[in-house]
Amino acid sequence: MTSKVMLGNEAIARGAWEAGCHVAAGYPGTPSTEILETIAADYRDIKAQWSPNEKVALEVAAGASIAGARSLSTMKHVGLNVAADPLFTFSYTGVNGGFVIINADDPGAWSSQNEQDNRHYARAAKLPMLEPSSPAEAREFTKKAFEISEKFDRTVIVRITTRIAHSQGIVELGDRENVPVKDFVRDPKKYVMIPAHARPKHKKIEEQQAEIMDYSCTSGLNRIEWGGKKRGIITNGIAYQYVKEVCPDDSVLKIGMVWPLPEKLINEFAAGVEELYVVEELDPFIEDYVKAMGYEVKGKDIIPLCGELTPEIVDEALNGNKTVKAVPEYAGDLPGRPPGLCKGCPHAFVFDVIKKLDLNVNGDIGCYTLGVLPPYSAMHTQGCMGASIGMHLGMEKAHGPEMAAKSVAVIGDSTFIHSGITPLIDLVYNKGTGTVIIMDNRTTAMTGHQENPATGKTLMGEETFELDLEAICKAVGVKRVRVIDPKDKDELEKVLSEEISTREPSVIITKRKCILKR
Amino acid sequence: MKSVIFNGVGGQGVILASKVLMEVAMKNGYDVKESEVHGMAQRGGSVECNVRFGEKVYSPLIQKGKADFIVSFELLESMRKTDYLNDDTVLLVNREQINPAPVEIGVMEYPSDIEEWLEKNVKNVKILDTKDALIGAGTKKALNIVMLGSLSKYLEFELSDWEDAIKGLVKEQFVEQNIKAFNLGRALV
């Protein structure tokens with residue numbers, strides 16, 4: 001068997017290809033982006049695409065699955081919030097071809113706005129969830145997820161974290177399974193969730209939980225590694241590796257299937273050890289479950305809930321070993337090296353002008369979020385994809401049009417397409433007067449220059465219709481839409497001053513290609 | 001088991017250096033794992049890779065105080081990893097300075113005493129002047145491979161393994177340049 005050093009995300013792409021996956025859809029988001037990029041580059045038997053947002057991506061994959069194809073949808077943790085609506089209901093319909101969602105959490109918030117723990121989605125949407133501990137398992141579990149999806153007629157989520165997505169390891173390679181696309185069978189009781197169909201479906205999936213839990217105990221995805229009987233540690237994901245590293249002699253219950261949790265195995269494990277520990281990143285998800293089963297466990301009382309775990313955190317919590325410093329503290333001030341907008345970045349021109357005009361800035365998600373940092377310090381709110389425009393309107397509702405006259409919303413091209421269009425409709429519909437700047441740098445820059453509907457190219461590199469942002473703004477009712485090159489800062493200042501002081505909605509599209517994009 | 005930290009600034013080729021080492025270690029029959037920081041780091045921020053190889057590797061992250069080698073591509077960046085040093089750690093530092101944003105905009109100064117501090121406090125530090133090696137290689141972009149060449153002096157692997165790994169990972173037209181850079185780096189220590 002051949003093996004190769006692979007990134008966790010590359011291993012997932014490989015696993016999907018080997019599983020015979022036919023269709024893959026997602027939206028870029030660190031740390032999930034490389035999965036679809038790898039598919040588009042190396043595994044072109046799979047029809048892969050960037051969708052405008054995660055909700056659409058999940059729906060495209062769900063449609064492909066119901067039509068009979070093995071389908072994959074990929075997104076970062078906050079992307080699953082956007083896709084939560086279809087997630088919960090397609091949990092009821094089940095699948096035809098296997099349907100797997102890859103969800104990438106970001107403990108430590110390396111490149112995210114929060115540290116949410118998406119294991120809760122599995123429980124809330126009642127879906128099986130797998131969690132690999134290494135790139136090798138990322139490939140293996142992705143394949144397994146397709147099998148489980150078809151076996152139980154359920155969508156399966158594979159949860160990874162940054163330290164799996166962006167870590168490399170040796171991965172064994174297999175061949176592609178030849179899986180034909182099944183026929184689409186009309187079955188409204190299964191695929192149309194009117195209340196009369198949803199109620200019995202809900203009952204059915206609740207009854208099925210016992211069967212899946214049984215699988216969770218016997219499939220080998222969860223396994224006991226007996227060691228010393230004094231301490232037993234239940235752990236999952238990357239934390240498993242830290243535990244094996246610093247507590248090599250203890251017994252471990254490795255959780256590879258985080259939902260449903262394997263009650264019988266937990267009972268067996270608890271009976272075999274004197275003291276029970278749970279080592280998990282972020283929330284006490286496993287810990288709370290084990291406590292509800294009636295066990296006393298040590299967990300978040302010694303392991304931090306916030307931030308990423310590291311081997312030294314686990315070593316100190318479980319063994320009392322503190323890091324010994326080999327060198328004294330440096331007494332001077334070390335300047336940090338925060339990321340920043342590149343030299344010549346078109347966003348920088350816009351922030352220079354906004355700063356000069358001293359406006360309130362409702363920001364959004366992308367490279368331009370770096371406008372919050374010096375030397376610009378020109379962003380005052382930001383929360384999630386597309387939020388800038390709705391918040392801009394809300395501020396005007398709170399303080400009146402005078403507020404809109406000294407404020408602006410800034411949003412990138414891809415983010416506008418992702419979820420900026422509906423709030424722009426709201427701004428017009430509910431009689432706002434604010435100005436929105438669409439910073440159109442002709443790419444999805446922050447995540448590494450992915451195509452989007454306004455670039456005129458697909459993920460697979462094909463030419464396609466190029467979305468006209470100006471026409472969209474006009475179509476939703478914005479009469480004042482101006483397109484300018486932000487490099488001409490004097491002109492931008494003039495246009496921006498005019499538009500904020502005009503008492504009707506306006507959009508300025510600052511159009512200039514990302515400096516890193518050839 | 002060997003644990004190596006590569007760190008530097010976005011664009012310096014930290015990730016490629018770690019990939020070459022992984023290939024060489026794998027070819028020599030070792031288990032290997034690596035962890036890297038993506039995303040925000042692409043915009044001129046600090047970049048770091050941890051590479052570990054041995055009979056069986058669990059954690060891709062190196063524990064504080066337990067690095068065998070730290071290879072810093074930039075002077076200031078070497079100061080961010082001092083928690084990972086122990087008395088036996090070899091620290092290889094490129095003497096080059098790249099101003100971070102707070103220095104560029106004039107709110108902070110680039111510390112002038114880093115070399116002196118490292119020489120005084122770190123037992124096995126080597127501060128490398130890579131300028132001539134880069135001129136010799138004919139490209140500044142090969143800094144990562146120059147540093148890797150220096151590191152290779154401390155590792156057991158055959159020269160041909162390094163060359164094979166470079167050939168497998170670098171675009172064909174740059175292979176010769178990079179192998180030259182590797183050898184010049186190897187001669188620096």
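I began with A:Ile39 and, setting aside neighbours within four places in sequence, I found A:Ile39 in contact (heavy atoms within 4.5 Å) with A:Ala13, A:Ala24, A:Arg44, A:Ile46, A:Ala48 and A:Leu72. I note that this is a predicted model, in which local features need pLDDT of at least 70 and side-chain atom pairs count only at pLDDT 80 or more, while totals for chains, interfaces and linings use all residues. Residues are numbered from 1 along each chain as its sequence is written, chains are lettered from A and ligands numbered from 1 in the order in which they are written, and side-chain values use heavy atoms, with hydrogens and water left out.

**Entry: A:Ile39**

I located A:Ile39 in helix H2 (residues 34-42) of chain A; helices (H or I, at least four residues) and strands (E, at least two) are DSSP runs, numbered from the N terminus. A:Ile39 is buried, with a relative accessible area of 0%. The cut-offs are under 20% relative accessible area for buried, over 50% for exposed, and partly exposed in between, with a 1.4 Å probe and protein chains only. I also looked up A:Lys517, which is 478 residues from A:Ile39 in sequence and 22 Å away in space, C-alpha to C-alpha.

**Entry: A:Lys182**

I found A:Lys182 in the loop between strand S8 (167-172) and helix H9 (188-191) of chain A. A:Lys182 is partly exposed, with a relative accessible area of 37%. Apart from neighbours within four places in sequence, A:Lys182 has contacts with A:Ala67, A:Gly68, A:Asn96, A:Gly97 and A:Glu150. For A:Asn96, 86 residues away along the chain, I recorded a C-alpha separation of 7.6 Å from A:Lys182.

In chain A, 32 residues of domain 1 are in contact with 30 residues of domain 2.

I then checked helix H11 (residues 237-246) of chain A: nine of its 10 residues are buried, so H11 is largely enclosed by the rest of the structure.

**Entry: backbone of chain A**

I found a cis peptide bond from A:Thr30 to A:Pro31, with omega near 5 degrees. A:Pro31 is in the loop between strand S2 (23-26) and H2 of chain A. A cis bond also joins A:Pro374 and A:Pro375, with omega about 5 degrees.

A:Lys431, a residue other than glycine, has a positive phi near 65 degrees. I placed A:Lys431 in the loop between helix H19 (421-429) and strand S16 (435-440) of chain A, and A:Lys431 is exposed, with a relative accessible area of 71%.

**Entry: helices of chain B**

How far apart are the end C-alpha atoms of helix H1 (residues 14-27) of chain B? I found 21 Å, which agrees with the 20 Å that its 14 residues should span at 1.5 Å a residue; the expected span is 1.5 Å times one less than the number of residues. Just after H1(B), B:Gly29 takes a positive phi of about 90 degrees.
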